[in-house]
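Subject: Structure handover

Hello,

Here is the structure you asked for, with the sequence. My notes follow below it.

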Amino acid sequence: MTTDTATDVFETHRPVLLGVAYRMLGRVADAEDVVQEAWLRWSGAARDDVREPRGYLVRITTRLAIDRLRQIKARGETYIGPWLPEPYITDFGDTVPDTAERAVLADSVSLAVLVVLESLSPLERAVFVLREAFGFPYGDIAAMLDRGEPAVRQLAGRARKHVEERRPRYEVDPAQRRDLTERFLAAAADGDLEGLLALLAPDVRLVGDSGGKARAPLRVLETADKVGRFLAGAARKSLPDLSVRFVELNGGPAVLVLSGDEPDAVFQLDIADGRVQTVYVIRNPDKLRPLAGL
């Protein structure tokens with residue numbers, strides 16, 4: 001395999017590798033670093049005996065991501081306020097034509113699922129991502145992780161049970177989410193408390209991630225009254241140069257708030273039964289930086 005061919009092969013599989021790394025880490029910069037390290041190992045490896053490059057590259061990427069995740073957990077970093085994954089630009093385009101497959105990929109990268117995945121061990125998370133999001137056979141996953149297939153099946157069952165018990169229920173229909181997001185945005189921008197209360201579930205939660213570097217609630221807000229009053233109050237304090245645009249992030253519609261040309265916040269909603277169940281607000285400037293220019 002020539003260097004040019006090796007580069008072409010790697011670039012063909014880069015989206016999958018980045019998808020695996022991001023779902024493993026929930027951090028865009030770390031995922032990109034892992035994929036870059038995978039490229040260095042791939043470019044320097046003896047590739048003549050590699051029969052299935054996709055599996056080989058996913059194995060390298062997964063192992064690197066596990067190592068990175070263990071390092072992150074070992075550091076035990078203290079995060080100010082609630083933590084949310086970094087927003088991840090998702091545009092499956094024509095690369096995933098099957099509607100069911102698109103729904104699975106979108107769900108596996110949603111903020112709600114990624115928050116739950118943070119509570120899994122690195123190995124459980126790897127098995128869950130490879131099996132549930134990308135559909136790898138248990139035997140292939142076992143080879144990637146140097147584990148026996150029975151052990152991998154046990155890890156998969158434990159991870160799946162953990163995720164199902166803790167993940168919130170929400171609608172994934174993009175048209176419904178977009179419609180309710182537009183109505184939510186209009187009510188929030190106008191400071192329309194009654195309009196917001198009509199859209200919010202009684203037990204709605206607002207999770208704000210600022211990392212202590214921007215204004216956002218340092219605790220999760222609960223109940224429609226508290227969330228509605230916070231959003232209505234925030235609208236009255238907004239700056240005159242703010243603008244908004246709709247983007248697709250983490251597999252669903254989201255609102256990107258700009259201050260001038262700079263990202264200021266991201267809003268995304270979880271919806272069920274026609275009501276907003278969770279409002280995610282990301283204001284940490286470090287997490288918003290990759291969205292500049294959208």
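The lining of the largest cavity is made up of 4 nonpolar, 3 polar and 2 charged residues. Here Ala, Val, Leu, Ile, Met, Phe, Trp, Tyr, Cys and Pro count as nonpolar, Asp, Glu, Lys and Arg as charged, and the others, Gly among them, as polar. The lining residues are Ser110, Leu111, Ala112, Tyr170, Arg177, Asn250, Gln268, Asp270 and Tyr280. Two or more of the lining residues come from each of helix 5 (111-117) and strand 5 (262-272). The volume of the largest cavity is about 40 Å³, and the structure holds 1 cavity of 30 Å³ or more. A cavity is a set of points, on a 1 Å grid over the protein atoms alone, where a 1.4 Å probe fits but cannot get out; lining residues have an atom within 4 Å of a point. Grid points are joined across faces, edges and corners, and the volume is the space filled by probe spheres set on the points.

This is a predicted model, in which local features need pLDDT of at least 70 and side-chain atom pairs count only at pLDDT 80 or more, while totals for chains, interfaces and linings use all residues. Residues are numbered from 1 along each chain as its sequence is written, and side-chain values use heavy atoms, with hydrogens and water left out.

Helices (H or I, at least four residues) and strands (E, at least two) are DSSP runs numbered from the N terminus, and two strands pair if DSSP finds at least two bridges between them.

Strand 1 (residues 200-209) has 7 of its 10 residues buried (under 20% relative accessible area, 1.4 Å probe, protein chains only). Strand 1 pairs with strand 6 (residues 275-282) in the parallel sense over 6 bridges, and with strand 2 (residues 221-222) in the antiparallel sense over 2 bridges. Leucine 206 has leucine 221 in strand 2 as its bridge partner.

Two arginines sit over rings: arginine 131 is 4.2 Å from the ring centre of tyrosine 138, and arginine 178 is 4.0 Å from that of phenylalanine 246. The criterion is NZ of Lys or CZ of Arg within 6 Å of the ring centre and within 35 degrees of the ring normal.

Regards

Notes
Buried means under 20% relative accessible area, exposed over 50%, partly exposed in between (1.4 Å probe, protein chains only). On a 1 Å grid over the protein atoms alone, a cavity is a set of points where a 1.4 Å probe fits but cannot get out, and a pocket is an open set with protein on both sides within 12 Å along at least five of seven lines; lining residues have an atom within 4 Å of a point.
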